[in-house]
Amino acid sequence: MPAAAHGTDGLDRDWYHRVTTMAPRIQLTAAQQQALLARHRDRMRSCEPWSAAIKWKPELNVQGSTYKVLELWPGIVASDAPVDQLERGQYVDSPSRRFRYCVRLHRAGQTLLTWWGAQVGTVLFDHDVIIPALYQARGPDDPGTGEWTETPWMSLTPAELITLRPGTRLARGRTVVAGLGLGHQLIEVSRRIQVKRVILVELDQELVDWILPRIRPHLRKPLDVHVGDAYEIIPTLRADVALIDIFPGYGDGFARVAELARRSPSIKKFWGWGTSEMTGLAQPDR
């Protein structure tokens, strides 16, 4: 469990030091420094409970004690060390060591990026929180250093959870979920009373074999699993809704979702991660 921390003056100073040292070329006046610290204190004092109904806004201030996420491997020790420097007990690797699951320790008062459509914001917590994350091993052509990618392939941050909700709310009848990740959307879709059956499409067999057994106990609807290329499998399926989260970046799947919809006459509605929020429109039923 994360250690608790509050918006004390010491925490404010630590936060300010991190912010200013990350951008050493920016020279702030004394008045600007005081205004920055005052704004940070105000945010720490105005934190609200996290819930499924919380809406995105440029500054989200959340009570850390209310931010509850599913830990697929309970007992893994949370850490804020770089993923390459984690010690035994702080991670679980897949059988071939292509994936690493760990629990990131996010410190009170530090900000995380959020996004909604073309808008960008930040979220902070008044207590330390844990954020489960999944990393990939670097490929032979990856120019970076270390065994693991620096940024997670998937993590249960507020930005991820909030931006998946529009798709989840469309789910009904037979719903396709393309992309397993840490299973968050799969679980949330299965909890909807409007959903009768969930169809998972995932490219990676190892990910399915390794993580899906941890997710299955949390599913409330029957599940079919298809392993392979979503662009080949989805056009062969029959469903009411298809939720597509297989893109490397948020909101960059417009053309691919449209092409999938064109090639999938037996699926009534499509949603892609970020696409409906970027346009402000959801694809109408056929």
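In this predicted model, five aromatic pairs are counted. In one of them, the rings of Tyr67 and Phe125 have centres 5.1 Å apart and planes at 55 degrees, so the pair is classed as tilted. Tyr67 belongs to the loop between S1 and S2 and Phe125 to strand S5, so the pair ties together parts of the chain that are 58 residues apart in sequence. Tyr67 and Phe125 are both buried. Ring pairs also join Trp50 to these residues, giving a cluster of Trp50, Tyr67 and Phe125.

Trp73 and Tyr101 form another tilted aromatic pair, with 5.0 Å from centre to centre and 50 degrees between the planes. This pair likewise links distant parts of the chain, as Trp73 lies in the loop between S1 and S2 and Tyr101 in strand S3, 28 residues apart. Trp73 has a relative accessible area of 10%; buried means under 20%, so Trp73 counts as buried. Tyr101 is also buried, at 0% relative accessibility.

When residues up to four places away in sequence are not counted, Trp210 touches Trp73, Val92, Asp93, Ser94, Pro95, Phe99, Arg100, Tyr101 and Leu134. Both members of the Trp73 and Tyr101 ring pair are therefore among the residues that Trp210 touches, as the 4.5 Å contact criterion applies.

The protein as a whole has eight helices and twelve strands. Of its 286 residues, 48% are buried. Among contacts with a separation of 6 or more, 63% are between residues 24 or more positions apart. The accessible surface comes to about 14400 Å², and carbon and sulfur atoms account for 53% of it.

Five of the strands form an open sheet with parallel pairing, in the order S10-S9-S8-S11-S12. Strand S10 (223-227) and strand S12 (267-272) are at the edges and have a single partner strand each, so one side of each is without a neighbour in the sheet. From one strand to the next, the twist averages 20 degrees. Within this sheet, strand S8 (residues 173-178) pairs with strand S11 (residues 239-244) in the parallel sense over four bridges. Helix H3 (residues 158-170) lies across S11 and S12 and runs at about 170 degrees to S12. Helix H5 lies across strand S9 (195-202) and S10, at about 150 degrees to S10.

Another open sheet comprises three strands in the order S1-S5-S4, with mixed pairing. Its edge strands, strand S1 (59-62) and strand S4 (112-116), each pair on one side only. The twist in this sheet averages 30 degrees from one strand to the next. S1 and strand S5 (residues 119-125) are paired in the parallel sense over four bridges, and Leu60 stands opposite Val123 in S5. Helix H2 (residues 30-45) lies across S1 and S5, running at about 70 degrees to S5. H3 packs on this sheet as well, touching S1, S4 and S5, and its direction makes about 15 degrees with that of S4.

Most residues other than glycine have a negative phi. Arg97, although not a glycine, has a positive phi of about 60 degrees. Arg97 is located in the loop between strand S2 (91-93) and strand S3 (99-106), and at 33% relative accessibility it counts as partly exposed. Ser190 is part of helix H4 (residues 184-190) and is buried, with a relative accessible area of 1%. Leaving out residues up to four places away in sequence, Ser190 touches Val198, His218, Leu219, Arg220 and Lys221.

Definitions and conventions
Residues are numbered from 1 along each chain as its sequence is written. This is a predicted model: local features need pLDDT of at least 70, side-chain atom pairs count only at pLDDT 80 or more; totals for chains, interfaces and linings use all residues. Side-chain values use heavy atoms; hydrogens and water are left out. Helices (H or I, at least four residues) and strands (E, at least two) are DSSP runs, numbered from the N terminus. Buried means under 20% relative accessible area, exposed over 50%, partly exposed in between (1.4 Å probe, protein chains only). Accessible areas come from the Shrake-Rupley method with a 1.4 Å probe; for residues, only the protein chains shown count as cover. Two strands pair if DSSP finds at least two bridges between them. Axes are lines fitted to C-alpha atoms, for helices over the stretch in contact, and angles run from 0 to 180 degrees between N-to-C directions. Rings of Phe, Tyr and Trp (its six-membered ring) pair if their centres lie within 6.5 Å; planes under 30 degrees apart count as stacked, over 60 as edge-to-face and the rest as tilted.
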